[in-house]
Amino acid sequence: MDNYSLSHTKWKCQYHVVFIPKYRRKVMYGKVMQDVHEIIIMLCGYKNVKITADAV
């Protein structure tokens, strides 16, 4: 299990991140969205962050 603990506490840190551009233009639904997705995965890899669910 990926729970972390100290002497009297346990935690499992999870975040829900939603990327919404200021103006929801159709340009974000093509190549740009795919590029942003790849960049986010790359940055998570640098910080050893595990992505549990992914929806593009």
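Among the elements of the chain, which has the lowest mean pLDDT and which the highest? Strand β1 (residues 4-5) has the lowest mean, 66, whereas α1 has the highest, 87; pLDDT is the predictor's confidence in each residue, on a scale from 0 to 100. The structure is a predicted model, in which local features need pLDDT of at least 70 and side-chain atom pairs count only at pLDDT 80 or more, while totals for chains, interfaces and linings use all residues. Residues are numbered from 1 along each chain as its sequence is written, and side-chain values use heavy atoms, with hydrogens and water left out. Over the chain, pLDDT averages 77, and 84% of the residues score at least 70. Where pLDDT is low, the predicted coordinates should not be read in detail.

Helices (H or I, at least four residues) and strands (E, at least two) are DSSP runs, numbered from the N terminus. Helix α1 comprises 16 residues and spans 23 Å from its first C-alpha to its last, close to the 22 Å expected at 1.5 Å a residue; the expected span is 1.5 Å times one less than the number of residues.

Of the 56 residues of the chain, 4% are buried, where buried means under 20% relative accessible area, exposed over 50%, and partly exposed in between (1.4 Å probe, protein chains only). The chain exposes about 5,900 Å², of which carbon and sulfur atoms supply 59%. Accessible areas come from the Shrake-Rupley method with a 1.4 Å probe; for residues, only the protein chains shown count as cover.

Ile-39, Met-42, Leu-43 and Tyr-46 make a nonpolar surface patch of about 430 Å². Patches are made of residues with over 30% relative accessible area and no salt bridge, like charges being joined within 9 Å and nonpolar side chains (Val, Leu, Ile, Met, Phe, Trp, Tyr) within 5 Å; a salt bridge is a side-chain nitrogen of Lys or Arg within 4 Å of a carboxyl oxygen of Asp or Glu. Met-42 lies in helix α1 (residues 31-46) and is partly exposed, at 41% relative accessible area.

Ile-41, also placed in helix α1, is partly exposed at 38% relative accessibility. Leaving aside residues up to four places away in sequence, Ile-41 touches Ile-51 and Asp-54, contact meaning heavy atoms within 4.5 Å. The C-alpha atoms of Ile-41 and Asp-54 are 9.8 Å apart, with a sequence separation of 13 residues.

In the segment after α1, Asn-48 has a positive phi of about 55° although it is not a glycine. Most residues other than glycine have a negative phi. Asn-48 is exposed, at 71% relative accessibility.
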